[in-house]
Amino acid sequence: MTVAAVLDATSPVKTEIRRLIRIAGPMPVSQYMELCLSHPQHGYYATRDPLGQAGDFTTAPEISQMFGELIGLWAASVWQSMGTPNRICLVELGPGRGTMMADILRAAKILPAFDEAISVHLVETSPALRERQREKLSDAGKSIVWDDRLDNVPKIPSIYFANEFFDALPVRQAIKHGNAWHERTVEIGTGDKLQFGCAPDPLTAFEETIPFDARLAPEGSIFEWRSPYSALELGRRVSRHGAALVVDYGHTRSAVGDTFQAVRSHKFADPLASPGLADLTAHVDFEALADAISSMGARAEKPLDQGTFLKRLGIATRATALKANTDASGAKAIDAALERLTAMEKTGMGHLFKVLGAAQKDLPALPGFDA
Ligand code: SAH
């Protein structure tokens, strides 16, 4: 038996999920995802730093400092368009290792008055990652406040950032069956294995709440949606005083499709095989996100591909400047990172990842979205 197989067999989250299903019956996919990722003692994020080569996945700020630096310059420009307020809070949702915030703060020094105005709030539930963030930001020269939830962050003029945060929020799935939509569930199958199931009763009035193309979908189609709570809260805040930048993989139009996936050691895995031991995500529906944000009175810009956004912010110029200060192998690494972040083919990050900007209605178009 491999080490991974031993770990899988003894996963405390798997034991807990089986116990709950035996008591209460099959659970919605969203409850399964939430338990796997956020169980307070044994959840995936509670117990580990999943990022980097030795972890399960890598993110844009971990690939290159250019990503966070450009976002720092973006924030400086937004702050100017807000009328250079003398207090501005930078709030990051799900900051991982704190790398992006460190790069943002370093870039912010280019405008001393902006740097001076900044305070920092991080929204993070994982104790393990809070520790990484604390270390990473220890010499940033800012006092940092952590919160578990966005609701607890003070409502002061702020710029909000979220990279690969929304994809980690639990997703519900409905499956079309007998011309009605049913909640997709996780149940215990033969051999005690977890498997997908389908709730016997249809979801009430579901057809009226979903986009048109989902209504025409063939039998067996899956439609995914998230609680709009975080997006509504973000929209409510931004509509009063601020701006937000959300980067994630996803689709710009709501559509049917099963994107629930697990990643372990940089490879796709069966999402039901190792509860609590693999990263679970689902694509972000940017149309739903933008609708929720704008329903609260904020302006949501039309989402862009990450590649287009980074090019418009000047990633090529930044790469050239960094290459001027390094040797040949350093320059090669910078070129590789540039290519990886902006690659526009079907599986490239530049194309798969989308960027959504949002702001109070009286701000001019946000940088990058104004072309
Ligand atoms: N933004 C980082 C990390 C992405 S991983 C980067 O790009 O590298 C997802 C992050 O969101 C982790 O920090 C994880 O602990 C955090 N997270 C996941 N669910 C959360 C929740 N419900 N509330 C707050 N943080 C959460």
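1. Is Cys-36 buried or exposed? Cys-36 counts as buried because its relative accessibility is 0%, where buried means under 20% relative accessible area, exposed over 50% and partly exposed in between, with a 1.4 Å probe and protein chains only. Cys-198 has 33% relative accessibility and therefore counts as partly exposed.

2. This is a predicted model, in which local features need pLDDT of at least 70, side-chain atom pairs count only at pLDDT 80 or more, and totals for chains, interfaces and linings use all residues. Residues are numbered from 1 along each chain as its sequence is written, and side-chain values use heavy atoms, with hydrogens and water left out.

3. The structure holds zero disulfides (a disulfide is a pair of cysteine sulfur atoms within 2.5 Å).

4. There are 18 residues around the ligand, and those that come nearest are Thr-59, Gly-94, Gly-96, Glu-124 and Asn-163 (near means that a heavy atom of the residue lies within 4 Å).

5. Backbone atoms of the protein also face the ligand. A nitrogen atom of the ligand lies 2.7 Å from a backbone N or O atom of Gly-94, and a ligand oxygen atom lies 3.0 Å from a backbone N or O atom of Gly-96. For Asn-163, a polar backbone atom is 2.7 Å from a nitrogen atom of the ligand.

Conventions
A polar contact is a pair of N or O atoms within 3.5 Å; within protein, one must be able to donate a hydrogen and the other to accept it, and residues adjacent in sequence count only if both atoms are side-chain atoms.
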